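Hi,

Here's the structure I promised to pass along.

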Amino acid sequence: MEKIAFRMRLTPGHLDEYRRRHDEIWPDLVTLLKEAGIVDYSIHYAQDTCDLFAVLWRKDGHSMDDLPNHPVMQRWWEHMADLMETHPNNEPVVEPLETVFHLP
């Protein structure tokens, strides 16, 4: 298993809608993420900066690198693009975070 952490940016004033959309996450997206090897995924919000901090655990031999090409993932990005900082293809701008401490 491998832990990945990254940061994204929410557009100010959109936290409630961001939560609502994730509360209603599509079952086919959940299936896609799990089939790609993601076993745990959480997103945390920093109110002062509108940063979203995500942490996920993925299995060895995962297929996450294929997710950007999947139609369900592309539809989800389009669905979320009006709420957050994205690239022209609607993929969220993601900044990897370095682990500097871990207490197992």
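Let's start with Tyr41, which counts as partly exposed because its relative accessibility is 37% (buried means under 20% relative accessible area, exposed over 50%, partly exposed in between, with a 1.4 Å probe and protein chains only). Phe6, at 11%, counts as buried.

Before I go on: this is a predicted model, where local features need pLDDT of at least 70 and side-chain atom pairs count only at pLDDT 80 or more, while totals for chains, interfaces and linings use all residues. Residues are numbered from 1 along each chain as its sequence is written, and side-chain values use heavy atoms, with hydrogens and water left out.

Back to the rings. Those of Phe, Tyr and Trp (its six-membered ring) pair if their centres lie within 6.5 Å; planes under 30 degrees apart count as stacked, over 60 as edge-to-face and the rest as tilted. That rule gives two aromatic pairs. Phe6 and Tyr41 have ring centres 6.4 Å apart and planes at 45°, so this pair is tilted. Phe6 sits in strand S1 (residues 2–9) and Tyr41 in strand S2 (residues 38–46), 35 residues apart. (Strands, E, at least two residues, and helices, H or I, at least four, are DSSP runs numbered from the N terminus.)

Trp26 and Trp76 make an edge-to-face pair, 5.0 Å centre to centre with 90° between the planes. Trp26 lies in the loop between helix H1 (15–23) and H2, and Trp76 in helix H3, 50 residues apart.

Cheers
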